[in-house]
Amino acid sequence: MRRLHLQKTENMAADMRLPTFRKQVSLSPSLSALDGKDLVVPGDVITSDTGFMRGHGTYMDEEKLTASVAGEVERVNKLVCVRPLRTRFNGEVGDVVVGRITEVQQKRWKVETNSRLDSVLLLSSVNLPGGELRRRSAEDELTMRDYLQEGDLISAEVQSVFSDGALSLHTRSLKYGKLGQGVLVQLSPSLIKRQKTHFHNLPCGASIILGNNGFVWLYPAPGQQDEEAGGYYTSLEPVSLSDREVISRLRNCLLALGAHKVLLYDTSVLYCYESSLPHQIKDILKPEVMEEIVMVTRQKLVEQEG
């Protein structure tokens, strides 16, 4: 009986991890002019210097600039604001967003974009199939569901902001439109770094759309796009196993970076992907593996900036 028990014990796989020595890395410069505070909670005094201007997330209390939300202190010249760590998406003109169609209405679609109100995509703000330039007719209105229907995912750009804060979107460029096969990852909008372009073809063999609204779309690297489709063509060909593995690894890397509040842009995502290669895809979200991968990613980013 004892021999059988020992044999069973020997056949069991043991997953052991040994601690490794890591050098301490300074991750962010101190704000000496702002009393050295990076993160603040409501009621914290940011600075008592009267030379600074009050920005979003702050108020004046007895001539002291005080935080009204929990978040990160940002300074642009003499303007000081607090960027909340967790918030709904506050869109600005020109922002790239990834959204889901929730409703088809008269001459418009309602889109969920992680903001306080549903965004609006007008029929006049989309490309017609074939790239025709003409006024939208009643026939176009009747065939709206042929273009986009409930549940479809789209990439779009913020065209304007209504007085109540709702966003008006447009997809008048071939890089925007209906999204096909891929994976949607929902993160906090405060983690997305604003860049010139939010569409990236990564060297690892996948593409990524980093929506300013916190919705990130991962999809296989596109082939030749049919320009006559007007942004509505979606490939339904089977995705290869290697592409699916790359997308799954990127998805777990994004969740790891989001859990540790690391700013998301093409370089940080690529460094995280490279740091995760020694590990299996399913192990990336284990707390100790996640911490190790994110620490290596942060060190690479600091070395690159330094």
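Contact here means heavy atoms within 4.5 Å. Helices (H or I, at least four residues) and strands (E, at least two) are DSSP runs, numbered from the N terminus. Buried means under 20% relative accessible area, exposed over 50%, and partly exposed in between (1.4 Å probe, protein chains only).

This is a predicted model, where local features need pLDDT of at least 70, side-chain atom pairs count only at pLDDT 80 or more, and totals for chains, interfaces and linings use all residues. Residues are numbered from 1 along each chain as its sequence is written, and side-chain values use heavy atoms, with hydrogens and water left out.

**The chain and its confidence**

The protein chain has six helices and 17 strands, and 40% of its 306 residues are buried. Take the contacts between residues at least 6 apart in sequence: 62% of them join residues at least 24 apart.

On pLDDT (the predictor's confidence in each residue, from 0 to 100), the chain averages 84, with 82% of residues at 70 or more.

| Element | Mean pLDDT |
|---|---|
| H1 (residues 2–11), lowest | 48 |
| E14, highest | 96 |

Residues 1–9 stay under 50, and the model gives them zero contacts beyond four places in sequence. Residues 27–35 are also below 50, yet that stretch has 20 contacts beyond near neighbours in sequence. Where pLDDT is low, the predicted coordinates should not be read in detail.

H4 covers residues 241–259, and its 19 residues should span 27 Å at 1.5 Å a residue. That expected span is 1.5 Å times one less than the number of residues; the end C-alpha atoms sit 27 Å apart, so the two agree. Buried residues in H4 include Val246, Ile247, Arg249, Leu250 and Asn252. The buried set packs against strands E14 (183–186), E16 (206–210) and E17 (215–220), plus helices H5 (266–276) and H6 (287–305). Just after H4, Lys261 takes a positive phi of about 55 degrees.

**H4 against H6**

The axes of H4 and H6 are 10 Å apart, and the helices pack at about 80 degrees. That makes H4 roughly perpendicular to H6, a label covering 65 to 115 degrees (under 35 is roughly parallel, over 145 roughly antiparallel, the rest oblique). Axes are lines fitted to C-alpha atoms, for helices over the stretch in contact, with angles from 0 to 180 degrees between N-to-C directions.

On the H4 side, Ala256, Leu257 and Ala259 meet Met290, Val294 and Thr297 of H6. Thr297 is buried, at a relative accessible area of 1%. Leaving aside neighbours within four places in sequence, Thr297 touches Leu257, Ser268, Tyr271, Cys272 and Ser275.
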